[in-house]
Amino acid sequence: MQTRTLETLVRINQVQSFSKAAQLQNMTLSALSMQMKALEKELNAELFDRTFRPPKLTPLGKRIAEQSGKVLKEQNTLKELCAPDGELVGSFRLGVIQSASVRLLPSFLRSVKTRAPNSSFELCSGLSEQLNEQVSLGVLDAAIVTRVQGQSSNLHFERISEEEMCFAVPAAHAKTAVDDLPNILPFIHFRATSGIGNLIARSIEAQTNKPRNSIVLDSLEASVECVKAGLGYTLLPLPDILRCADESLHIHSGGARAMSREIALVTRKDNSDLRWVQIIVGFFKDIADQSASRDQSGSVEQQQTIAN
């Protein structure tokens, strides 16, 4: 019995869908179906009720899937026990928010290649609320997300870094006070259903002078480009502004009203005490610290360029 087959069964139980499980397992639907039929033959048991379309797990199938999940966890535990102290060993399903994936993921993969050669990662990207749900369901082992208040009680968050949120405005409005911007320009709002968007919405709601017009976008890069084109102003994490900034854009720090977003590794609480969680957090903290140093230098250079 192959562990890959057990992984597929567990995934079907998690998402309750053959087609979605096939997509997540990087398989064709027909290959997944054949794999499950072979497992049923090997166990001499009906795991699925095929009178339903798509097939549903039988009560026995659910018990087998739950037990398979325990077997897979124990497999990684055995690998951890045999690993030298501090070494990451095993296979992990990791989600990363899109903004962090651009800045942190390449360095993380390079770090893993040299510091944890006996580990492997199945990666995906998405918005924070989507990744939180997948971790809660067990589809992902962990995810890098923006932490916001009021999230699921079965999730555990390990802080990786904190990033300042800043206003980005067209250079022509560099001397315009933040409180006066809503009277002059539309506000470019990154989608409110995202982790960053949730923070932005709370900040805007707390302002006395709220934007009169808003443009909602689902891309951080597009938001900054619209600012550079003079189409409005926005509020985003400083590193995401700096990635696309040039002389056509000015950055207003929050000053007395400064706010930040917290990037964290989210896991299920029943996984939070495992050694691999702390090792992965350590990798990302090292990378985030290096990135923050570069961003700080870039911010100073960007402001000096505008001043000149």
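## Cysteines

As for disulfides (cysteine sulfur atoms paired within 2.5 Å), the structure holds zero.

A quick note on what you're looking at: this is a predicted model, where local features need pLDDT of at least 70 and side-chain atom pairs count only at pLDDT 80 or more, while totals for chains, interfaces and linings use all residues. Residues are numbered from 1 along each chain as its sequence is written, and side-chain values use heavy atoms, with hydrogens and water left out.

## Salt bridges

There are 15 salt bridges here, each one a side-chain nitrogen of Lys or Arg within 4 Å of a carboxyl oxygen of Asp or Glu. Take arginine 4 and glutamate 7, whose closest N and O atoms are 3.8 Å apart. They sit three residues apart in helix 1, so about one helical turn separates them (helices are DSSP runs of H or I with at least four residues, strands are runs of E with at least two, and both are numbered from the N terminus). Arginine 4 is partly exposed at 31%, and glutamate 7 is partly exposed at 30%.

Arginine 115 pairs with aspartate 286, with 3.5 Å between the closest N and O atoms. One lies in helix 5 and the other in helix 10 (residues 275-307), so this bridge ties together parts 171 residues apart in sequence. Then there's aspartate 240 with arginine 261, at 3.4 Å. That pair links helix 9 (residues 238-242) to strand 11 (residues 259-268), and both residues are buried. Shared partners join Arg103, Glu163, Glu221, Asp240, Arg243 and Arg261 into one network of salt bridges.

## Serine 101

Serine 101 belongs to helix 5 (residues 98-115) and is buried, with a relative accessible area of 16%. Beyond its neighbours within four places in sequence, serine 101 is in contact (heavy atoms within 4.5 Å) with Val96 and Pro106.

Terms used:
Buried < 20%, exposed > 50% of the residue type's maximum accessible area, 1.4 Å probe, protein only.
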